[in-house]
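Subject: Handing over a structure

Dear colleague,

I am passing a structure on to you, and I would be grateful if you could look through it before reading my notes. The sequence and the model come first, and the notes follow.

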Amino acid sequence: MRPTFVCDIIPLMIKAEGGLEASSREAEIAELSALYGAPAHRQCTLKVSDTTLEWWTRMQPRRHGEVVLFIYRTSGNLILHTKDFYPAGTLRVPSGGIKKREALVDAAQREALEETGLQVAVERFLAVIDFAFQHQEHSRHFCSYLFLLRETGGELRMRDVKERISAFVEIPPTELDSVADSLENMPSAWRDWGLFRAFPHRVAAELLPDTAANEPGPSPSK
């Protein structure tokens, strides 16, 4: 059985409490839409524990949204990674926080380099997700910006040791739903995190064409 969450298409101007940045980025999103295609908009409400809500409440003043990176290698496969403190078998696409006043594309390219060692180019602005973390009558919002990227150079390796990335795996886009399945069925202590991390994979699986797995990417620059 799928876990309980609610997701719907939402308008470009996202209105939410608690530090959600999407509304203040309206002009930037419009500019990126013209360059890389209009993103899908999704709203995902997750019923979480009081501990999870407390964590988001503490973190909200320091977190200005995140970029979620679907990076095509030249093989046409996507990069997943795991970290040394994750439960065994946990894999997901890279992601990272957006710095204050940082442009979305800058954040995506910076995080790609820090987490994978690769230079990347934006292929498509995939989606904007407004997450609502709810516990009883309280909620906190957070925004994820999904980008499809292409490897253009570099060497696949961890550059930032603080990330504690322990391995990389490559998959065809057709396996994204399977990755989401695994994240949605994590041990109870990781349930809220797993549901949060699973949803972008579901959205990307919906949006990426099956043929993308067979399309060769550009050769990395020397």
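Below is what was found, starting with the whole chain and ending with single residues.

This is a predicted model, in which local features need pLDDT of at least 70 and side-chain atom pairs count only at pLDDT 80 or more, while totals for chains, interfaces and linings use all residues. Residues are numbered from 1 along each chain as its sequence is written, and side-chain values use heavy atoms, with hydrogens and water left out.

The overall picture

The chain holds five helices and eight strands, where helices (H or I, at least four residues) and strands (E, at least two) are DSSP runs numbered from the N terminus. Followed along the sequence, these elements give the pattern β-α-β-α-β-β-β-α-β-β-β-α-α. The chain has 222 residues, of which 52% count as buried; buried means under 20% relative accessible area, exposed means over 50%, and partly exposed lies in between, with a 1.4 Å probe and protein chains only. If one takes the contacts (heavy atoms within 4.5 Å) between residues at least 6 apart in sequence, 77% of them join residues at least 24 apart.

The nonpolar cores

A nonpolar core is here a set of buried Ala, Val, Leu, Ile, Met, Phe, Trp, Tyr and Cys residues joined through side-chain atoms within 4.5 Å. The largest such core has 34 residues, and those with the most contacts inside it are Phe70, Leu126, Phe131 and Phe133. Two or more residues come to this core from each of strand S2 (40-47), helix H2 (50-59), strand S3 (66-72), strand S4 (78-83), strand S6 (118-135), strand S7 (138-154), helix H4 (176-184) and helix H5 (191-207). Helix H5 gives the most to this core, with seven residues. Apart from this core lies another one, of 21 residues, which includes Val67, Leu69, Ala112 and Leu118.

What does Leu126 touch, leaving aside its neighbours within four places in sequence? Leu126 is in contact with Pro39, Ala40, Phe70, Leu146, Phe147, Leu148, Ala204, Leu207 and Leu208.

How H4 and H5 pack

Two packed helices are described by the angle between their axes and the distance between the axes. For H4 and H5 the angle is about 165 degrees and the axes are 8 Å apart; the axes are lines fitted to C-alpha atoms, for helices over the stretch in contact, and angles run from 0 to 180 degrees between N-to-C directions. H4 and H5 are therefore roughly antiparallel to each other, since angles under 35 degrees count as roughly parallel, over 145 as roughly antiparallel, 65 to 115 as roughly perpendicular and the rest as oblique. Their crossing is left-handed, a term used if the near helix is turned anticlockwise from the far one by less than a right angle, with right-handed used if clockwise.

On the H4 side the contact is made by Leu176, Asp177, Val179, Ala180, Asp181, Leu183 and Glu184, and on the H5 side by Trp193, Gly194, Leu195, Arg197, Ala198, His201, Arg202, Ala204 and Ala205. By class, this contact has nine nonpolar, two polar and five charged residues, with Ala, Val, Leu, Ile, Met, Phe, Trp, Tyr, Cys and Pro counted as nonpolar, Asp, Glu, Lys and Arg as charged, and the others, Gly among them, as polar.

One residue on each side can be followed further. Gly194 and Thr90 are 104 residues apart in sequence, yet 9.3 Å apart in space, C-alpha to C-alpha.

Two loop residues

Most residues other than glycine have a negative phi. Arg101, however, has a positive phi near 65 degrees; this residue lies in the loop between strand S5 (95-97) and helix H3 (104-116) and counts as exposed at 72% relative accessibility. Arg164 also has a positive phi, near 60 degrees, and is placed in the loop between S7 and strand S8 (165-171), where it counts as partly exposed at 40% relative accessibility.

With kind regards
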